[in-house]
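Hi everyone, thanks for making time this morning.

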Amino acid sequence: MTDEEWAAVRPLLPVPAWLKGRGGQPEGYCHRWLLDAIRCLVAGGISWRAMPADFPGWGRV
């Protein structure tokens with residue numbers, strides 16, 4: 001995902017509760033990283049379990 005694409009998508013994602021002071025815990029992975037993994041799956045037409053090891057585990061994505 002390019003920086004321009006991320007700048008367009010980021011405002012559309014919900015802000016985590018812990019960043020607004022409403023409790024909870026920080027996420028384990030960056031939203032941009034998760035979106036990159038999903039885009040890789042869609043573009044490559046691969047199965048969830050065949051995701052490259054560079055991304056978080058398929059169950060997390």
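I'll start with the overall picture, then turn to the salt bridges and finish with a surface patch.

First, some ground rules. This is a predicted model, in which local features need pLDDT of at least 70 and side-chain atom pairs count only at pLDDT 80 or more, while totals for chains, interfaces and linings use all residues. Residues are numbered from 1 along each chain as its sequence is written, and side-chain values use heavy atoms, with hydrogens and water left out.

So, the overall picture. The chain has two helices and zero strands; these are DSSP runs numbered from the N terminus, with at least four residues of H or I for a helix and at least two of E for a strand. Along the principal axes, the C-alpha atoms fill a box of roughly 40 × 25 × 15 Å. The radius of gyration is 13 Å, whereas a compact globule of 61 residues would be near 10 Å. That radius is taken over C-alpha atoms, and the globule rule is 2.2 Å times the number of residues to the power 0.38. Of the 61 residues, 13% are buried. Here buried means under 20% relative accessible area, exposed means over 50%, and partly exposed is in between, with a 1.4 Å probe and protein chains only.

Now the charged pairs. How many salt bridges does a search of the whole structure find? It finds two, counting a side-chain nitrogen of Lys or Arg within 4 Å of a carboxyl oxygen of Asp or Glu.

One joins Asp 3 and Arg 32, at 2.9 Å from N to O. Asp 3 sits in helix H1 (residues 3-9) and Arg 32 in helix H2, so this pair ties together parts 29 residues apart in sequence. Asp 3 counts as exposed, because its relative accessibility is 55%.

The other joins Glu 5 and Arg 39, at 3.1 Å from N to O. This pair also links helix H1, through Glu 5, to helix H2, through Arg 39, 34 residues apart. Glu 5 is partly exposed at 32%, and Arg 39 is partly exposed at 39%.

Last, the nonpolar patch. Ile 38, Val 42, Trp 48 and Trp 58 make a surface patch of about 420 Å². Patch members have over 30% relative accessible area and no salt bridge; nonpolar side chains (Val, Leu, Ile, Met, Phe, Trp, Tyr) are joined within 5 Å, like charges within 9 Å. Areas come from the Shrake-Rupley method with a 1.4 Å probe, and for residues only the protein chains shown count as cover. Trp 48 lies in the segment after helix H2 (31-44) and is partly exposed at 41%.
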